Amino acid sequence: MKNNTFLENRDKRNIVLTREILATLPYYCSQYLASIQNNTSTLTQLNYAHDLKQFFYYLTHILLLKENPKNISLNDLSSLKANDFEEYMNWLTYYIIDNKEYRNSACGKSRKLASLRSFFKYLFKRDMITSNELDKIPTPKIHEKEIVRLEPNEMCDVLDEVEKPDSKHFSTRNLKYIRNLNSRDLAIMYLFLSTGIRISELVGIDIDDINFDENAFKIFRKGGNSAVMYFPEETKEMLVKYSQDREKIKPLLGHENAFFLSSQRKRISVRAVENLVKKYTQNVVQLKNITPHKLRSTFGTNLYRETQDIYIVATMLGHKDVNTTKKHYAAISEDLKRETAKNVKLRN
């Protein structure tokens with residue numbers, strides 16, 4: 001279908017990259033990923049493949065189990081002890097590959113450990129390995145992070161910067177470039193802040209996905225499920241303005257239906273949107289590292305403060321589990337309790 005072009009291309013790219021990684025790994029890695037194919041997205045499968053590649057790199061280059069990952073047998077995996085996995089987790093904290101440094105926080109290590117657990121659980125259940133010492137390794141303790149978001153005054157300042165970039169922050173050449181993309185950038189920022197969509201959902205929007213009569217647009221959530229979202233009038237104004245400018249652009253072949261285009265007349269990329277957000281926020285909100293996900297948090301925070309209904313926030317953000325939403329917005333609950341307490345009067 002026409003609306004699925006972006007998703008189809010993304011899935012094809014993920015599948016190709018996954019297969020390229022699997023070609024460097026033992027045969028049983030392909031069997032494992034085939035077993036989870038029907039229950040996971042192509043992006044999840046690609047991430048798992050990356051995690052397996054990293055683990056087998058450790059086995060060959062650090063643990064020196066074999067010279068080639070493809071030669072690591074199931075017996076080799078069965079022989080791994082708990083301390084081997086503990087040392088791997090320690091190694092993940094900081095390591096260098098091809099002169100490039102890598103770091104993993106407790107959250108990053110926890111995700112990689114979850115990938116390995118799934119992999120070894122599959123091998124053990126299928127009687128492909130005789131022991132699974134990985135079960136003895138505890139999940140790293142993850143400390144809750146404070147939600148970083150824009151306060152109402154900061155949000156206004158950022159939107160002002162997008163609408164009228166300050167010459168103090170940009171060179172004359174950059175200002176000219178930015179002003180040529182002004183309607184697009186405003187539409188993107190307004191859409192983030194008024195709907196809380198993910199960056200992957202934004203770049204996937206097609207022209208046919210937007211209904212200006214209904215102030216509605218269709219997005220594809222994680223896993224490929226579609227959802228209809230609604231935008232307020234002020235966001236509609238920005239989207240209509242960009243849509244009019246968009247009609248004057250002739251996209252490159254294969255990008256005709258993409259709503260948001262890059263300066264190269266292609267569907268705008270995730271990296272380009274990340275850079276766009278950073279460009280407009282870094283000088284306005286200097287003490288906060290604002291990313292598209294932080295704009296999503298800003299929307300969620302504002303919606304929760306207005307509705308005080310965590311289920312509405314979970315629905316709008318596309319969280320499958322409301323506990324995910326509760327965890328992220330617990331701090332706002334405390335703010336509301338404090339404000340409520342101030343309104344309690346014992347003596348008039």
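Modeller: Contact means that heavy atoms lie within 4.5 Å. The model shown here is predicted. Under that cut-off, and not counting residues up to four places away in sequence, Pro 232 touches Ser 194 and Asn 215.

Biologist: Where is Pro 232 placed, and is Pro 232 buried or exposed, or partly exposed?

Modeller: Pro 232 sits in the loop between E5 and helix H11 (233-246). Its relative accessible area is 32%, so Pro 232 counts as partly exposed.

Biologist: What does the protein chain contain in terms of helices and strands?

Modeller: The secondary structure comes to 16 helices and 5 strands. The C-alpha atoms fill a box of roughly 70 × 65 × 40 Å along the principal axes. Of the 348 residues in the chain, 44% are buried. Among contacts with a separation of 6 or more, 60% are between residues 24 or more positions apart.

Biologist: Let us turn to the sheet. In what order do the strands of the open sheet of 3 strands run?

Modeller: The order is E3-E4-E5, with antiparallel pairing. E3 and E5 are the edge strands, each pairing on one side only. Strand E3 (residues 210-211) is joined to E4 by 2 bridges, and Ile 210 stands opposite Phe 217 in E4. On the other pairing, E4 and strand E5 (residues 226-230) are antiparallel over 5 bridges. There, Ile 219 stands opposite Ala 227, and Phe 220 has Ser 226 as its bridge partner.

Biologist: How many of the 5 residues of strand E4 are buried?

Modeller: In strand E4 (residues 216-220), 4 of the 5 residues are buried, so the strand is largely enclosed by the rest of the structure.

Biologist: Which residue in the hairpin of E3 and E4 takes a positive phi?

Modeller: Asn 215 does, with phi near 55 degrees, in a hairpin that has 4 residues between the strands. Asn 215 is a residue other than glycine with a positive phi. Its relative accessible area is 11%, so Asn 215 is buried. Leu 64 also has a positive phi, near 55 degrees, and lies in the loop between helix H3 (42-62) and helix H4 (74-78). Leu 64 has a relative accessible area of 62%, so this residue is exposed.

Biologist: Which residues in H9 and H12 meet?

Modeller: From H9 come Arg 184, Asp 185, Ile 188, Met 189 and Phe 192; from H12 come Val 273, Leu 276, Val 277, Lys 279 and Tyr 280. Helix H12 (residues 270-281) has 12 residues and reaches 17 Å from its first C-alpha to its last, close to the 16 Å expected. The buried residues of H12 include Val 273, Leu 276 and Tyr 280. The helices that the buried residues of H12 pack against include helix H7 (152-163), helix H9 (182-195) and helix H13 (292-307).

Biologist: How many residues has the largest nonpolar core?

Modeller: That core has 45 residues, and those with the most contacts inside it are Phe 192, Ile 197, Leu 202, Ile 205, Phe 217 and Phe 260. H9 supplies the largest share, 8 residues. Apart from this core lies another, of 38 residues, among them Ile 21, Phe 55, Leu 59 and Met 128.

Biologist: With which residues is Leu 202 in contact, leaving aside its neighbours within four places in sequence?

Modeller: Leu 202 is in contact with Ile 188, Leu 191, Phe 192, Ile 197, Phe 260 and Val 273.

Biologist: Finally, where is Ile 310 found, and is Ile 310 buried or exposed?

Modeller: Ile 310 is in helix H14 (residues 310-317). With a relative accessible area of 12%, Ile 310 is buried. Ile 310 and Val 322 are 12 residues apart in sequence and 7.4 Å apart in space, C-alpha to C-alpha.

Notes
Residues are numbered from 1 along each chain as its sequence is written. This is a predicted model: local features need pLDDT of at least 70, side-chain atom pairs count only at pLDDT 80 or more; totals for chains, interfaces and linings use all residues. Side-chain values use heavy atoms; hydrogens and water are left out. The expected span of a helix is 1.5 Å times one less than its number of residues. Buried means under 20% relative accessible area, exposed over 50%, partly exposed in between (1.4 Å probe, protein chains only). A nonpolar core is a set of buried Ala, Val, Leu, Ile, Met, Phe, Trp, Tyr and Cys residues joined through side-chain atoms within 4.5 Å. Two strands pair if DSSP finds at least two bridges between them.
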